[in-house]
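Hi everyone, thanks for coming. I'd like to walk you through one structure today, so let me put it up on the screen.

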Amino acid sequence: MKNDLNDTITAISTPPGEGGIGIVRLSGKNALSIANKIFKAKNKKRITGNNSFTLCYGHVHNNGTSIDEALLTVMLAPKTYTREDIVELSCHGGSIPLRNTLELCLENGARLAGPGEFTRRAFLNGRIDLAQAEAVVNIIRSKTDTALKCALRQLDGGLSKTVNSIRDKLIDILAAIEASLDYPEDDIELFSGRKLLKKVMEAGREIEGLLKTAETGKILKEGLVTVLVGKPNVGKSSILNALLQEEKAIVTSIPGTTRDIVEDTINIYGIPVRILDTAGIRHTKNEIEIIGVRKSRKSLKTADLVLFVIDLSTRISSEDRLIAKDIKGRKLIIAANKSDLKQKTTEAEIKKLFPHHKRIPIIKLSATRRKGIKPLEKLIYNRFIKGGMNISDAVLVTDLRHKNALKNASDSINKSIKAIRDKSSEEFTALDLRQALDSLGEIVGRTTTEDILDRVFSRFCVGK
Ligand SMILES: Nc1nc2c(ncn2[C@@H]2O[C@H](COP(=O)(O)OP(=O)(O)OP(=O)(O)O)[C@@H](O)[C@H]2O)c(=O)[nH]1
Ligand SMILES: [Mg+2]
């Protein structure tokens with residue numbers, strides 16, 4: 001139904017709640033005629049005669065009874081967001097005028113739009129491809145300026161261009177293989193085995209190159225989940241507060257102060273970092289603390305980065321060893337806190353907690369004196385952004401759907417490489433290459449099922 005472009009769709013496009021203005025949007029071939037029935041212009045002219053991109057002042061009315069005072073914008077196909085006729089009614093931003101205006105649109109023949117259906121039409125009508133459509137949500141949800149820049153680049157076709165250029169290469173290779181399969185007697189030696197292998201490997205490397213950006217892309221889009229763990233009283237909450245530059249979590253000298261997870265997001269050189277402060281992990285009989293410790297362990301499981309906090313002013317204890325065992329093999333930074341006090345633990349002793357980990361970054365800091373906080377931020381950044389990668393300008397893979405499609409494409413390419421090396425029939429190579437082509441096509445929406453579209457657009461809000 002959502003791929004049927006005959007209906008005229010409508011929705012409230014502004015967020016719920018009170019605002020200066022609220023917008024009801026109509027898109028489709030009856031957008032103007034529906035608007036004409038429910039809107040009376042001050043100049044008394046029918047709005048069906050309005051030029052594209054013009055504003056008109058008047059009233060929304062129900063059979064002559066005024067519902068709201070509004071401004072009406074007319075945008076005529078094909079140069080619009082959906083490539084269809086669009087009318088936007090800018091009403092007063094309250095739930096009643098907006099709901100009444102929406103209901104009037106529905107009563108006069110429009111259908112309520114599903115989530116993202118306006119953008120879906122922009123895709124179905126060929127204005128943007130699927131990766132660009134997905135960028136729209138990334139723009140709306142971007143958490144930092146850098147993430148926004150990255151999403152805008154995707155909307156501009158940054159990722160699509162790269163993917164399409166790899167697809168073009170595969171199409172050329174396939175055409176050559178198919179020509180030699182169709183006319184074997186002509187002995188068209190378009191690609192010698194070695195040249196074919198080189199070309200396919202080249203495409204494979206480009207796909208791998210994109211895949212390498214997926215970790216950074218995901219973090220930029222969704223935020224880096226960083227969890228502060230350690231035994232009680234080492235200063236986890238104090239570090240959270242120092243990073244946030246506000247007294248968000250309760251800090252006391254009583255071990256076992258934090259029970260619930262306290263979290264907030266900070267911007268570290270453009271990366272949104274979600275920091276979770278947790279209950280100190282130890283054996284305890286206190287019922288509330290037990291629940292807190294359980295929550296700490298749970299959040300540990302889903303974190304991208306673990307900040308293991310150790311108190312330099314006490315000796316390493318069995319509790320530290322227990323936690324070290326728990327976080328073995330994780331992406332880790334050790335925060336050696338309370339460096340302002342007399343030190344009873346050395347760096348060498350800390351390193352001994354992780355005998356199989358050669359290079360765990362350890363940073364000395366004093367949360368209460370705000371010392372070492374900037375270097376800690378730098379370390380968090382460097383732990384994830386590979387040297388030399390300019391996240392402000394690079395084409396990044398931010399969506400899991402794209403990453404999976406690229407992985408499938410890469411697998412198919414590797415299969416075709418094996419087929420070429422094994423000197424199998426070129427038909428096998430062609431089959432694998434076609435599969436790679438399809439997987440890449442999924443990213444930009446050339447080979448997409450309705451299911452995939454439903455899943456993509458269900459992430460959108462209604463009205464976008
Ligand atoms: N001297 C000094 N004291 C610190 C430092 N960081 C934290 N403290 C103190 O250590 C005590 C515990 O700090 P918290 O931040 O509550 O420690 P925590 O790890 O969150 O403790 P729990 O929530 O109980 O697990 C408080 O009295 C802090 O003032 C530091 O860098 N230097
Ligand atoms: Mg705490």
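Let's start with Arg383, which you'll find in helix 13, the stretch covering residues 373-384. Keep in mind as we go that this is a predicted model.

Leaving out residues up to four places away in sequence, Arg383 touches Leu305, Lys331 and Ile333. Now look over at Arg455: 72 residues separate Arg383 from Arg455 in sequence, and their C-alpha atoms are 32 Å apart in space.

Let's zoom out to the domains. The chain splits into domain 1 (9-129), domain 2 (134-213 + 397-445) and domain 3 (228-263 + 288-384). Between the C-alpha centres of domain 2 and domain 3 there are 43 Å.

On to the ligand. Which residues come nearest to ligand 1? Of the 24 around it, those are Gly235, Ser237, Ser238, Thr258 and Gly280. Helix 9, residues 236-244, supplies the largest share of that shell, with three residues. By class, we have 14 polar residues, seven nonpolar and three charged around ligand 1.

Finally, the core. In soluble globular proteins, nonpolar side chains tend to be buried together. Here, the largest nonpolar core has 109 residues, and among those with the most contacts inside it are Val87, Leu89 and Phe308. If you click on Val87 and skip its neighbours within four places in sequence, its contacts include Leu26, Ala31, Leu72 and Thr73.

That's my tour, so over to you for questions!

Key. Residues are numbered from 1 along each chain as its sequence is written. Chains are lettered from A and ligands numbered from 1 in the order in which they are written. This is a predicted model: local features need pLDDT of at least 70, side-chain atom pairs count only at pLDDT 80 or more; totals for chains, interfaces and linings use all residues. A residue is near a molecule or strand if its C-beta atom, placed from the backbone, lies within 6 Å of it. Helices (H or I, at least four residues) and strands (E, at least two) are DSSP runs, numbered from the N terminus. Ala, Val, Leu, Ile, Met, Phe, Trp, Tyr, Cys and Pro count as nonpolar, Asp, Glu, Lys and Arg as charged, and the others, Gly among them, as polar. A nonpolar core is a set of buried Ala, Val, Leu, Ile, Met, Phe, Trp, Tyr and Cys residues joined through C-beta atoms within 7 Å. A residue is buried if 20 or more other C-beta atoms lie within 10 Å of its own, exposed if 12 or fewer, and partly exposed in between; C-beta atoms are placed from the backbone. Two residues are in contact if their C-beta atoms, placed from the backbone, lie within 7 Å. Domain bounds come from an automatic or database domain assignment.
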